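Subject: Model for you to look at

Hi,

Here is the structure I promised. Please open it first, then read my notes below.

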Amino acid sequence: QALGPSPFADDRRLGLGCRSPPLVVCTSGTMPFLPGVVGEEEAAAQGPKTISVSVVQMSGAPLARLHPGLKNTIQDLTTAISRKAGVENVPLLLSYGNRVLDPRTTVEEAGLVDGAVLVAIRYPELFVAAAYDDGIVRLWSTETGRCDREYNSNRGAVLTVDISPNGMLMVTGCMDGTANLWSVTTGKHEQIFFGHKGPVVSVACSPDGTKLATGSFDRNAQLWDMVTAESIRMLPGHRGTVTSVCFSPDGNTLGTGSEDGTAKLWRVDVKDPLGELTLHGHRGVVTSLVFSSSGMQVATGSVDMTAIVWNVKDGGCLQMVRGHKQGITSVALSPDGTTLATASQDSMAILWDVQSGQLRAVLKGHSLAMKLRSVSFSPAGTLVATGSEDGTVRLWSASTGECKGFLKAKADARKAPGVQAVSFLPGPLLGG
């Protein structure tokens, strides 16, 4: 089994413009000898100074077994893996639990114990997390077009998904009213957030990774401690389902969109008096809300078929776009803030110029009978992902609107599970 070159070579910042050599899965045999990184026979001869470490891929498939000494560095391990796999020019990271290991630390300093299982991550690599109505989140590699891991909490349809800033944790919102925290690399179900009285339809991780925001059918947004899963505070005020939650880039403001046709901007700091700015302008349910990377603007989409870009400071309307034939279900802003993406019930997505409001590209390809549920920009802004009820995730060029490929889960039933949400995930960040 091998990881082939990327069919979606387009995200330049993440290095996907290069055709990487395949990473071969080594399920047997010993690793090449390096000082202190030895095979099984040498390990037996050296005795207790070495430990046994298993290395797996993101999918859980076995990659290698190493017997490092306690004074070996993590870089020694990645070098041994790279040489054995024949991918010495492809950077690799190793994660243990929910940590990406610093290559400079020793095995002992990293806290590795005999029998430890490490996950090898080709870095930089780009993934797409897709939430499905069959209750599973699937993590897709854009390099291989393959599903690398599935996350299933058996809590009903997964309606929303978000990734922590360090790329190591994933949060999902479910039909049963819970939010769930996962380790991206190990697939372990870490935490459950109880408190809502209706389905959780939107989740967002704070930029510092310490807080979680959720929005629910129960008309409330909540702030949570990411570590303890305890509720920090409730944000009542909307008169309908809280359809969308999003933190500003500095983490000081939380935006919420609602079935009541409004969006609100809340101060996150619990030490401040409760304050909010309400954005009026839509004539229907606000389905989606997202901040610009500068934090100076926020974009909203609505079933009234319009998307609006607002000034965060005073709530003024900076731009309104209209072009869909049915309601807008999701909006996204490019990292540079120049392009707005909208997904709609009309099965299409549209890319807009934020400043002029002019249409840049129409993204067609999903089944015409199915609604689009989600749209997302890649971290570099060169790719757009869309998720549809037709069961596919499609990847598009953000500059040309050309479809680069699609991802579809295998289904036991005749109908593939519908996609409810998509979110890009760059390779986990060192030091996260």
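Strands here are DSSP runs (E, at least two residues), numbered from the N terminus. Two strands count as paired if DSSP finds at least two bridges between them.

This is a predicted model: local features need pLDDT of at least 70, side-chain atom pairs count only at pLDDT 80 or more, and totals for chains, interfaces and linings use all residues. Residues are numbered from 1 along each chain as its sequence is written, and side-chain values use heavy atoms, with hydrogens and water left out.

Start with β29 and β30. They form a hairpin with four residues between them. Serine 347, in the turn, has a positive phi of about 75 degrees. The pairing of β29 (residues 339–344) with β30 is antiparallel, over five bridges. Threonine 342 sits opposite isoleucine 350 in β30.

β30 also forms a hairpin with β31, this time with five residues between them. Glycine 357 in that turn has a positive phi of about 80 degrees. Four bridges link β30 and β31 (residues 359–363), again antiparallel. Tryptophan 352 has leucine 359 as its bridge partner in β31.

Elsewhere, an open sheet of four strands runs β20-β21-β22-β23, with antiparallel pairing. Its edge strands are β20 (242–247) and β23 (276–279). β22 (residues 263–267) pairs with β23 over four bridges. Tryptophan 266 stands opposite glutamate 276 in β23.

Best wishes
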